[in-house]
Amino acid sequence: MNKIKTIARPAERKVTGCGECRSTCQSACKTSCTVGNQSCERITRESDPEKNK
Amino acid sequence: MVHVFRYKEHYYIFDTGSSALHECDEKAALLLREKLGEDVDTAEVTPEERRAYEEDFEELKKAGLLFKEEVKAAPPKSDEVKALCLHICHDCNLRCKYCFADEGAYHAKREFMSLETAKKAIDFLIENSGNRRILETDFFGGEPLMNFDVVKETVYYAKAEAAKRGKKFLFTLTTNGLLLKDDIAEFLNAEMENVVLSLDGRKEVHDAVRKTANGKGSFDLVIENLKNFVKIRGNKSYYVRGTFTAKNLDFSKDVLFLADNGFDSISMEPVVTDIPDLAITKKDLSAVCAEYDRLCDKYLEREAQGKGFNFFHFNIDLEGGPCLSKRVSACGAGNEYFSVVPNGDIYPCHQFAGDQDFRMGNVYEGKLDETIRAKFKNSCLFKRKKCDGCFAKFICSGGCSANNYHFNGDINDPYEITCEMMKKRVEDAMHILAERKSRSHT
């Protein structure tokens, strides 16, 4: 490809809809939630075992 | 759908079906807009160039990164309750002009939640959490630290009860910082997964709206408490959370002021109010959007200088963020997340607290109004028809149900002003991703 550069491509997901994600807004903005800027809890915990304790 | 947009001299393509983001040149952007049916002048594109661009488009399409079909159905939602917002205190030691919560009282009498009610709420959460292991409780007010003993005892109780069931609590607390002295700070630092500190930015901006009960500005009363807390917080999560209004549309200065004062995790939210001199209205939108761009430039500039900070709305994770199920079901208010007020009444979220049309039950009764719950459970991105043609829909999930209801009378009818600000923040966040990628390659 010559003219277009890919900046972000979605990761292949083995697990979706596990429901482990948080409900409380992490910035407590509480009015303008941007779900897309939260992390996937499952991925976070799997990559950081401390979080799983 | 495909969204083609420009940030100054940069051109981007965002494919909503795949969540892929591409950077391109002006001619590629023009040709793509032409493909999307827009009336554009492509006279400067030579036939050879057109062929080369078409090859690129085709390659991306084959890789599933352009014109990918969007998912159109929401996965079923669980009945497990994950989180409670505990209104530990319906009173406040500040009288902020824009407070949606009627300066802490929520249009009712000022009262504190008893420890008994807080324990009942925790029991309700655990009992209704099914197989969910991680539970969340957000201590909210009014000002929750006015009822600190109940916060403390509730944390100890929740931890002990969770341990018996193999579960774990994550606690959050939101405070204005007025009572955030050393002993309380130490407790919060030890027990809270996240702490949200309310501070609007520059002293004059903060003091104009965040006043004490005797009408004086509160900046000088809170700033040192907040700074000290952040110092001892170390690497644990916190957000300094400001609000901007029509009076400080130059809010990027407030964000930078906060960063200059040692706060490196910042959220700055548009006010939600209908107070005429404070509300953000349609006429303010172009100024607000330009201000987000200014902030975006400064944000990248600071990052390049090694003085970067985290601005909540510029975080966007297109590669490893929430899965589609979460993206279409939004925050979970009214189904997996509820608000409990001091007398134990349950509401879909804090923004509905006190509205009897949305009272869903009481923690002492232990059951929920299933009619109201069904409204929220059935609500999802695909019920929000205005979102159909929006590139940001899988990122914002159709906005805040409460906001939608309060401005448009329907939890599934997004509020346009919020939408416009959201779209601008998302475009800025995408530009930041691209700039970071470009810097990492140089």
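An open sheet of four strands, with antiparallel pairing, runs in the order S1(A)-S3(B)-S2(B)-S1(B); strands (E, at least two residues) and helices (H or I, at least four) are DSSP runs numbered from the N terminus, and two strands pair if DSSP finds at least two bridges between them. Strand S1 (5–8) of chain A and strand S1 (2–7) of chain B stand at the edges with a single partner strand each, so one side of each has no neighbour in the sheet. From one strand to the next the twist averages 30°. This is a predicted model, in which local features need pLDDT of at least 70 and side-chain atom pairs count only at pLDDT 80 or more, while totals for chains, interfaces and linings use all residues. Residues are numbered from 1 along each chain as its sequence is written, and chains are lettered from A and ligands numbered from 1 in the order in which they are written.

The pairing between S1(A) and strand S3 (residues 20–24) of chain B is antiparallel and comprises three bridges; A:Ala8 has B:Leu21 as its bridge partner, and A:Lys5 has B:Glu23. Helix H1 (residues 26–35) of chain B lies across S1, strand S2 (10–15) and S3 of chain B, at about 145° to S1(B), where axes are lines fitted to C-alpha atoms, for helices over the stretch in contact, and angles run from 0 to 180 degrees between N-to-C directions.

## Contacts between the chains

Counting residues as in contact if their C-beta atoms, placed from the backbone, lie within 7 Å, 66 residues of chain B touch 37 residues of chain A. Chain A has one helix and one strand, and 43% of its 53 residues count as buried, a term that requires 20 or more other C-beta atoms within 10 Å of the residue's own, whereas 12 or fewer make a residue exposed and values in between partly exposed.

Beyond its neighbours within four places in sequence, B:Ile266 is in contact with residues including B:Tyr239, B:Val240, B:Leu258 and B:Phe311.

Strand S10 (residues 237–244) of chain B is largely enclosed by the rest of the structure, because seven of its eight residues are buried. Strand S9 (residues 194–198) of chain B pairs with S10(B) in the parallel sense over five bridges, and S10(B) pairs with strand S11 (residues 265–270) of chain B, also in the parallel sense, over five bridges. The chain crosses from S10(B) to S11(B) through helix H8 (residues 252–260) of chain B in a right-handed β-α-β crossover, meaning that, with the strands pointing away from the viewer, the path from the first strand over the helix to the second runs clockwise.

## Backbone exceptions

Most residues other than glycine have a negative phi, and most peptide bonds are trans. The bond from B:Gly141 to B:Gly142 is cis, with omega near 10°, and B:Gly142 is found in the loop between strand S7 (134–140) and helix H4 (148–164) of chain B.

B:Ser19, in the loop between S2 and S3 of chain B, has a positive phi near 65° and counts as buried, with 23 C-beta neighbours inside 10 Å. B:Phe67 has a positive phi near 55° and is partly exposed, with 17 other C-beta atoms within 10 Å.

Methods: Contact = placed C-beta atoms within 7 Å.
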